[in-house]
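I opened the model to look up a few charged residues and the parts around them. My entries are below.

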Amino acid sequence: MNLCYLAFKNMVSKPLNLLLSLLLLSLSVFLATFVLQLSQQFGGQLSKNIAPFDMVVGAKGSPLQLVLSSVLHVDVPTGNIKLKDVSMLQKHPFVETAIPVSYGDNHKGFRILGTETSYLDHYKAKLSEGRRYENPFEVVAGSNVAQQLALKLGDRFTSSHGLAVGAVDEHDEHFFIVKGILEPTGMVVDQLLLTNLESIWKIHDHEENYHEEVETQKETEEEKEITSLLVKFKSPMGMVQLPRFINQNTSMQAALPGFEVQRLMSLLGSGVKTVNGIALAILLVSGLSIFISLLKTIRERRRELALLRTYGFRTEQLFGLALLEGLLLALIGFVLGWFLGRLGIWGASQYMQTLYGYNLQIKGLEQLELFLLGLILIFTTIAALFASRSIFKLNVAKTLSDV
Amino acid sequence: MVKTLNLRYAYQNGDELSFPDIELTPGEHMLMIGPSGVGKTTLLYLMSGLLPPLRGTVSIAGKELGSLTRKKMDSFRGEHIGIIFQQYHFIKSLSVSDNLRLRQHFSKSASDKKRRDALVERLGLREHLQKKVTKLSQGQQQRLGIALGLIHRPKIIFADEPTSNLDDVNCEKVIELLKEEAEICKSSLLIITHDLRVMSHFQNHVRL
């Protein structure tokens, strides 16, 4: 028979009190850990995905939209730009690399991105099978696409116009063929079907010609369009000069992914703060409920505590008993809330996976959460101390004789 | 075994009580009688070190209680003193068996299952071991109360008005039980009572 067992028995002997305290505590822990994980991982995902590029150049419109669509592939593009308009950027001394991307089609909801193979290098994407694309209509599939659609090397598929599933127009004249499958990167590449720019141009040339019933004629190199240009600067001077230059002197716009994502996160940040505030408020209420339930317990069990003194328990041990009961409650509440939080992240991950293709990880106990646990345990200890003051003043003889 | 000398106690309201000296040899049984309100229960708590005397000393098994530190006093009480209350007290969240184990916690018989088994057998509590104490009948609660006073083989058993709420038949039973059990664990027994029915069972009387 040890104190822990007795504390546990005491705790479960009042199931309704226990339920209320546990519910409040685990709710606050759930909210705090869930939102913390969500915002951290979401922010982390975004930062990781934009890291390879410093600037996006595309058609005029919302800069955030341009970043979301061209870098993160979650939004629709702002429009097209002419390849010849950005050719000067590709040769600019401040620019290290400038990769044109073109998109607008999908296969079963996964975006087909026309770009140069160096795009893969920027995301450090390695092939798990096959080779990179070389000719038009050869495709390298991101790991998640390959897995979800069960794509194998040599598989052939057609694309549909638009970025969502169930688009009306099927480009059924051209078959893409899977030539390579990528290893998982944990980044946006996992969600893409990558091909070269020519493939995209050919599909749409053909389409236009088909519709307008004009003789096939090759567009000149200058007339070719891309959706946007992803730029990595060589020197920080590029960051200072080029965006302003483009925005003021051309019909295109330049957006800085870092800046836009930061803006987005600060917008989300106020939401996160609100939820954290709510979690803190619930935590305070749960602390109060633990305090009240301990206080009640100690009042109701005054006689039992006095009895334990006659059994040879010291006053400190009785306090230990109350403290143990509180800490046990706090620990169970935390663990319960933490697991609920992770369950929430798992749910959110499923949701984001289908919507944006982002995976959230189920992580182990984090330092900040450990800190939260520490905070809760300190709270509980203080509550137990306040609630136990009567234990130190317990008059055993009087308590046991009062009938 | 138990010896008190010039004991005086002061209540919080200033009233003072003085007690006659008491001496019990090992295994001796003694009855302490007197009308209610004369301080019998107070003496019990003084002798078990739960109340500090104003003056005088209590010695149990050669140890003067006043000389023990608080910590030592607590463990001494847990090991050597058994109290049977008039109004039985239990830990309500625990089963009968756990209540008994808890009482053994601070004694040398902490893991003495044999002692526990033998005692519950004699007191007819065997089938009720896993029950919550609140589910016991009045009679079973009485027997458990007695068991809790002596399961740890104390040197001295204090019984505070053990028969006050009982009819004649049960009164006889409880007295027999107390005497028997005290005999078995070779404990000294001090019964505090104002119940005249108990008196014929003991030769040794102290009047307060």
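These entries go from the ground rules to domains, strands and charged side chains.

Ground rules. I am reading a predicted model, in which local features need pLDDT of at least 70, side-chain atom pairs count only at pLDDT 80 or more, and totals for chains, interfaces and linings use all residues. Residues are numbered from 1 along each chain as its sequence is written, chains are lettered from A and ligands numbered from 1 in the order in which they are written, and side-chain values use heavy atoms, with hydrogens and water left out.

Domains. I noted that chain A is divided into domain 1 (3-46 + 268-401) and domain 2 (55-255), with bounds that come from an automatic or database domain assignment. Six residues from domain 1 of chain A and six residues from domain 2 of chain A take part in the contact (heavy atoms within 4.5 Å). The C-alpha centres of the two domains lie 51 Å apart.

Strands. Helices (H or I, at least four residues) and strands (E, at least two) are DSSP runs, numbered from the N terminus. I found strand E1 (residues 55-59) of chain A running antiparallel to E12(A), joined by four bridges; two strands pair if DSSP finds at least two bridges between them. A:Val57 has A:Ala254 as its bridge partner in E12(A).

A:Asp105. I looked this one up in strand E3 (residues 95-107) of chain A. A:Asp105 is buried, at a relative accessible area of 1% (buried is under 20%, exposed over 50%, partly exposed in between, with a 1.4 Å probe and protein chains only). Its C-alpha atom is separated by 5.6 Å from that of A:Ser160, 55 residues apart along the chain.

Salt bridges. I used the rule of a side-chain nitrogen of Lys or Arg within 4 Å of a carboxyl oxygen of Asp or Glu.

A:Arg132 forms one with A:Asp121, the closest N and O atoms being 2.7 Å apart. A:Arg132 lies in a loop and A:Asp121 in helix H5 (residues 118-122) of chain A, so the pair ties together parts eleven residues apart in sequence. A:Arg132 is partly exposed at 26% relative accessibility, and A:Asp121 is partly exposed at 43%.

In chain B, B:Lys40 pairs with B:Glu161 at 3.7 Å between the closest N and O atoms. B:Lys40 is buried, at 4%, and B:Glu161 is buried, at 8%. I also listed a network of salt bridges linking B:Lys113, B:Asp117, B:Glu121 and B:Arg126.
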